2 protein chains.
Amino acid sequence: MGPIGTICLMPVAKGTSLDPDRTRAAMLEAATVVFYERGLDGVGIAELCSSVGASKETLYRHFGSKDGLIAAVLQARSDRNNAWLRRAAATGGDDPAAQLTAVFGVLGEWFDQPDYRGCALVNAATQRHFEPAHSMVVQHLDGYRALLTQIAAAAGVADPDRVGGQLLMLLQGATVMADHLALGRAAADDALAAALPLLTSGTD
Amino acid sequence: MGPIGTICLMPVAKGTSLDPDRTRAAMLEAATVVFYERGLDGVGIAELCSSVGASKETLYRHFGSKDGLIAAVLQARSDRNNAWLRRAAATGGDDPAAQLTAVFGVLGEWFDQPDYRGCALVNAATQRHFEPAHSMVVQHLDGYRALLTQIAAAAGVADPDRVGGQLLMLLQGATVMADHLALGRAAADDALAAALPLLTSGTD
DNA sequence: GCTTGATCGAACCGGTCGTTACCATCAGGA
DNA sequence: TCCTGATGGTAACGACCGGTTCGATCAAGC
């Protein structure tokens, strides 16, 4: 397994700074990719720094510690993924079924990407090692659940909270199975097929 | 975080052997508990050995390496969990819905246990570090899926393979959510409620 | 009684890791 | 022009870990 590659930004010389926090952004992006691909313990600080052409001291000035870097990476990923799903749901207009279909549609696209490795937040919390991961994954999943509950409520189901949780179960189950069983978008399609009836079963 | 505690068996003196492979069983049980609780990298060989009162040499004679020990632990857990679900399904008699209810019933009991930490196989594959974990989790999930597909087929659904996969999604999603969101048996109940309609929707 | 083999305890090795410190360097502002 | 500050590079530190080896010890079988 070679070095990280392809992420190197910041072709600056010894003492240049080039941008106030462009360095921080480059580190965050490189860490996001490599932590997701190889796990939080699969890459060390030294390799991470050398891959972006930065020094350890710079990393520690920006993030304080490896855990601080991990927390920043996870927060960014959580925000981005939640925004993805919400933007997708918005394309469904006012139809809850269309919203749900759109959500599982982008999910399927994600599953098909060759570097798909499951949910970064859940993975990080699983390979726990530091505490913030737990509260971050809770916040992350609650963000998903809020969106799904909102869709369920718009569909007029009897118990939106419960249906929202069930939809999140299907989403997470598909995420896990697409990862370990390499199912690709088929996992999202099957999950959607199981999810759609939930929107209409308990309606009033 | 103190030592492992409470697992210590084998109160044997220096050169006694007490049992041919009782030592092996004790190591396997201690490793099963602590690997599940603290992660594969959360405990070292030295602590594991001292917790059961064994020496490193004995561990390496029995398992060859830490990865060998992990593989043995995961295989035992996979076999045991699959047997659990199959035994539960058997209590449902010939009624597929009753079988499914029984399966999610034992799942709920599991979720309620205070030391519940999700699926050990999936967790191990997530915090990858050695290759066998991947094929083992595939085999593990396929065992689950075979059972669920069989139930779906008995219910007479149009596409048992597809429904089996959807049921496995609900099972895995509930497993993940019960872990990180500490939902307990409610997760299994909600998953069952979403699963039962799948048995009757596409029947012929 | 002696041999065989399993075991413990301890030391040891090579490696990796996160973190800190120091230094030379260079850009930009006073 | 000089100072300030962010930077890259290097080295070192302390801790831990997986794995190996060795000697002492004791039970069991011939």
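Helices are DSSP runs of H or I at least four residues long, numbered from the N terminus. The model described here is predicted.

## Chain A: overall architecture

Chain A contains nine helices and zero strands, and its pattern along the sequence reads α-α-α-α-α-α-α-α-α. Of the 204 residues in chain A, 41% are buried. Among the contacts in chain A with a separation of 6 or more, 63% join residues 24 or more positions apart.

## Helix α7 of chain A

A:Gly156 follows α7(A) and has a positive phi, near 80°. The helix itself has 23 residues, which at 1.5 Å a residue should span 33 Å; the end C-alpha atoms of α7(A) are 33 Å apart, so the two values agree.

## Helix α5 in the two chains

In chain A, α5(A) has 17 residues and reaches 24 Å from its first C-alpha to its last, close to the 24 Å expected at 1.5 Å a residue. Its buried residues are A:Pro96, A:Gln99, A:Leu100, A:Ala102, A:Val103, A:Phe104, A:Leu107, A:Gly108 and A:Phe111. The elements covering these residues include α4, α7, α8 and α9 of chain A.

In chain B, the 17 residues of α5(B) should span 24 Å at 1.5 Å a residue, and the end C-alpha atoms are 24 Å apart, which agrees. Buried in α5(B) are B:Pro96, B:Gln99, B:Leu100, B:Ala102, B:Val103, B:Phe104, B:Leu107, B:Gly108 and B:Phe111. These buried residues pack against α4, α7, α8 and α9 of chain B.

## Helix packing

Two packed helices are described by the angle between their axes and the distance between the axes.

| Helix pair | Axis distance | Angle |
|---|---|---|
| α1(A) and α4(A) | 9 Å | about 85° |
| α8(A) and α9(A) | within 9 Å | roughly 170° |
| α5(B) and α9(B) | within 8 Å | roughly 165° |

The axes of α1(A), residues 22–38, and α4(A), residues 66–90, pack at an angle of about 85°. Angles of 65 to 115 degrees count as roughly perpendicular, so α1(A) is roughly perpendicular to α4(A). From α1(A), the residues A:Leu28, A:Ala31, A:Thr32 and A:Phe35 meet A:Leu69, A:Ile70, A:Ala72, A:Val73, A:Ala76 and A:Arg77 of α4(A). This contact of α1(A) with α4(A) has eight nonpolar, one polar and one charged residues.

The axes of α8(A) and α9(A) cross at roughly 170°, which makes α8(A) roughly antiparallel to α9(A). The passage of α8(A) across α9(A) is a right-handed crossing. On the side of α8(A), the contact involves A:Val163, A:Gln166, A:Leu167, A:Leu170, A:Leu171, A:Gly173, A:Ala174, A:Met177 and A:Ala178; on the side of α9(A), it involves A:Ala187, A:Ala188, A:Ala191, A:Ala194, A:Ala195 and A:Leu198. By class, these residues divide into 13 nonpolar, two polar and no charged.

In chain B, the axes of α5(B), residues 96–112, and α9(B), residues 185–201, cross at roughly 165°. The two helices are therefore roughly antiparallel to each other, and α5(B) passes α9(B) in a right-handed crossing. The contact draws on B:Pro96, B:Ala97, B:Leu100, B:Thr101, B:Phe104, B:Leu107, B:Gly108, B:Glu109, B:Phe111 and B:Asp112 of α5(B). From α9(B) it draws on B:Arg185, B:Ala187, B:Ala188, B:Asp189, B:Ala191, B:Leu192, B:Ala195, B:Leu196 and B:Leu199. The contact of α5(B) with α9(B) comprises 13 nonpolar, two polar and four charged residues.

## The contact between chains A and B

The contact between the chains takes 31 residues from chain A and 31 residues from chain B. On the side of chain A that touches chain B, the elements giving two or more residues are α6 (120–126), α7 (132–154), α8 (160–180) and α9 (185–201) of chain A. The largest share of that side, 12 residues, comes from α8(A). By class, the side of chain A that touches chain B has 16 nonpolar, 11 polar and four charged residues.

Technical notes. Residues numbered from 1 in each chain as written. Chains lettered and ligands numbered in written order. Predicted model: local features only at pLDDT ≥ 70, side-chain atom pairs only at ≥ 80, totals over all residues. Contact = placed C-beta atoms within 7 Å. Nonpolar A, V, L, I, M, F, W, Y, C, P; charged D, E, K, R; others polar. Axes fitted to C-alpha atoms, helices over the stretch in contact; angles between N-to-C directions. Parallel < 35°, antiparallel > 145°, perpendicular 65-115°, else oblique. Left-handed = near helix turned anticlockwise from the far one by under 90°. Expected span 1.5 Å × (residues − 1). Buried ≥ 20, exposed ≤ 12 C-beta atoms within 10 Å, placed from the backbone.
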